[in-house]
Amino acid sequence: MAKKKVFVISHSHWDREWYMPFEKHHLRLVKLMDEVLDLIDTDPKFNSFQLDGQAIIIDDYLAVRPENKDRVAKAIKNGKLRVGPFYVLQDDFLISPESHVKDFQIGRQTAEKYGQMMGIGYFPDTFGNMGQTPQMLRLAGLDAVAFGRGVKPTGLNNQVSESAFESSFSEMNWIGPDQSQVLGILFANWYSNGNEIPVDRQEAKQYWTEKLADVEKYASTDNLLMMNGVDHQPVQKDVMKALEVAQELFPDYEFIHSNFDDYLAAVKADLPKNLSTINGELTSQETDGWYTLTNTASSRIYLKQKNAEVQRKLINEATQLAAVALPKAEYPHDQLTYAWKLLLENHIHDSITGCSVDEVHREMMTRFEKVEAVAESIRDDAQTALADQVKTDQFPEGSQPFVVINPSDTAKTGIITAEVELDRALFKDGRPDAQFAKMQLIAQQNRHYAVIAADGRQVVGRVTGYTTHFGADLPEDRFRVPYIGVYAQVEVYVKDLPAFSWQALALQQLTTPKMYADQTAESLISDGRILENNLLKVEISAVDGSLTILDKKTNHTYHRMAVYEDTGDMGNEYIYKETADQKRIYSTDQAPTIHIKEDSAKRGVIEVVSTLQIPCQATPQLDYEQRAVIDITHRQATRSQETVALTLHTFITLEADSSALKFDVTYDNQALDHRLRVLFPTELEATTNEAESVFEVVQRPNVPEKYWENPTNPQRQQAFVNLHDEKVGVTLANDGLPEYEILPKDGTIALTMLRCVGELGDWGYFLTPEAQCQGAQHASFALIFHDETTADRLQSYQVARTLYLPILTVTTSRHQGTCSAEGTWLEVNADEQAFAVTGVERDQASDLIVRGYNLDSQAHNIDVQVADQKGELVDFQSQHLSETTAPLKAAEIRNYRFK
Ligand SMILES: [Zn+2]
């Protein structure tokens, strides 16, 4: 009989920033890398060191020791350092699909710059695994994945389970919603099962007896995987000596210092037929529910909100507009890669999750601002380039043209605002204060304007005011040109502004004031507390502030919607744990005050002010429980008797012809140790919900599996969550609020707005006062209602996905142009609007790439065109896959390439 092989892989799981700030971990990383390189040089038998699946380690090391670049490159080339496949070890659920693609692409580029990439997907520590992982890995050229969480291994002595989330072996087949399949390798004994191997014979005997039994319990083949390392573990310098000792003590095994590529080849050659098959997302469904770490989705909500905003600016605005508006040769490849590398630093599984110390998250906010500045610069250049190409000389002389741009994949209806420059006075022509006075004079004139389209027809719009302020042009070939400009603040109502489109409009001065459609007596508000358009009727209760909403399309009424709930939280950045008293405060406990904020024919805004008297913080018991490092499941703290006012200002907006009811909430949080949610009791009878995840609309059960003990069942979402029965449904959109929970009793969708905790949690005592999120807060979300048809449900998903992506506007001159006054740069026609576009960019060869996924679990016909071209289908590396004629498969991810 052949000997069992023990593959020992040396590694260190490198949380780049976590319970210490980045630089403190960084300096330890430099030490680790110095030692690894020395070991590689001095011990030829040392097979290799695995750099934790993340190529950023190379950049971080060389930032301190640039002189070691050749040594590192040589080690990678010789297979002594195993790098990639990712740039960072990301969080799965809290970052955009495009972020995942960039993580693959930049990881591969970084690895291949020096040598070759490790050939396995690597998710040792992610807090659950996204369902599209198999398809995404296939599109990244990988067919196997190692991961640490999400599946319950049952072991050889147990019966093979029928469950989709259990596996009898550490190896399994993992199938995604599109039926893509990869080989999954679970770290059934964690990624530290071969850490600190003793050299001492007696210790080694005991160590291996135990460890070999553990690994054999789950292994499906005679190839046993031992991971020699753990979190921030220094390299074991005498590992080769330790393996010699092991070989002497256990001659029936063959001990091999190895790497993932070799281990994988051996496992694949020996796989048995009876592997378990697991399906879709893996979020520890078969556990007691306490340690899924899902509540990281509500830790430091401000990070998630900023991330949503910055992702939109980088992906939908800067990258897309640069791809379609700039000449091919001017596409800013390097600048975008620079921005993506910075943003990916924030997308690591201890960073965007908000489960690190305060210094880490402070640095993240600076990174977000840097990425935002790069994105805004690229966007501004690109939208100016687009406006320059649009023909505007058909507008009358003396009119002021401007271009509106819809960068989203959904037609938009509603009011857009623009700042349109009317005139400017240059500093070179006069003293600044004199120029300011000149422009102010224009601003104070009683002018009258109409908003006109290119064909001269008047569109619904108006000037709401004027401003005068400093500005400066920064020409590429001359010195800066400062000036004072005068600007009109313009509101334009657009109806069905096409997806991926531009349209030139102009302000035309009139001699006499004119009545516009939106200045008539029409109103969307009645009785001071009812909002109504042709699709919805919304009544705000004067008694408790909750909403009664009639969806006119289905004639279905929803009651007691938008109620705020405040509960105590004695948990940590990872886990919500309600205080033992279960003291809950609701906005419906008191009458609100209600004010009309805006009342026009096209938009109504009502402000509801609700005051909740909530406990200031938890009792001192919590402080003791934190210092004594008592696990959250054993805590007994309650909420204090002392209270503080939490005053929520909810601005409820309804626009003409819009199916979306928007909520924008502002408040000042002065309480500690609590969680704030908004509740929508839909009373729909549904056993599942649908939510946007990564490249996927995932269907999840509303009631957890039988082992679940955690009284809450939090879930993560991208842009929306939906509940529907056979007749009607509700889609709840959010702007950077990724945590929701379905309360099955009355079909409530609960959306977390804020969670305030004072400690990191996990393995020690780390205080995090800034995770209490004190001071000014905001939250934005919206309800979209749909009927029984798939088309209407998917339409609500598309509206939700693009609700917070603004329409851009840019002032331009009257000029000739190569583009007509209105048009589109991309045509997407899928049955039932099933194709969601996640990104438009240029690949390394500067070909145009359009990426997206099927929102539906059914196949659909689809046609995607750029300038009458149909393109071809490629993978994440832009390698040809097939032609585009086949229907879009269920849950398929597609990359279209246009030469
Ligand atoms: Zn980690």
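You are looking at a predicted model, where local features need pLDDT of at least 70, side-chain atom pairs count only at pLDDT 80 or more, and totals for chains, interfaces and linings use all residues. Residues are numbered from 1 along each chain as its sequence is written, and side-chain values use heavy atoms, with hydrogens and water left out.

Stop 1: H13 lies in the loop between strand 1 (4–11) and helix 1 (22–42), and H349 in the loop between helix 10 (333–346) and helix 11 (358–389), so the pair ties together parts 336 residues apart in sequence. Helices (H or I, at least four residues) and strands (E, at least two) are DSSP runs, numbered from the N terminus. H13 is buried too, at 0% relative accessibility.

**Stop 2: two crossing helices.** Next, show helix 4 (residues 97–114) with helix 10: their axes come within 10 Å and cross at roughly 110°. Axes are lines fitted to C-alpha atoms, for helices over the stretch in contact, and angles run from 0 to 180 degrees between N-to-C directions. The two helices are therefore roughly perpendicular (65 to 115 degrees). Look for E98, S99, K102, D103 and I106 of helix 4 against T337, W340, K341 and L344 of helix 10; contact means heavy atoms within 4.5 Å.

**Stop 3: H674.** Now jump to H674, in strand 31 (residues 674–681). H674 is buried, with a relative accessible area of 1%. Its side chain makes a polar contact with the side chain of D566 (2.6 Å). A polar contact is a pair of N or O atoms within 3.5 Å; within protein, one must be able to donate a hydrogen and the other to accept it, and residues adjacent in sequence count only if both atoms are side-chain atoms.

**Stop 4: E598.** Finish in strand 27 (residues 593–599), where E598 is found. At 22% relative accessibility, E598 counts as partly exposed. Its side chain makes a polar contact with the side chain of R603 (3.0 Å).

Notes
Buried means under 20% relative accessible area, exposed over 50%, partly exposed in between (1.4 Å probe, protein chains only). Angles under 35 degrees count as roughly parallel, over 145 as roughly antiparallel, 65 to 115 as roughly perpendicular and the rest as oblique.
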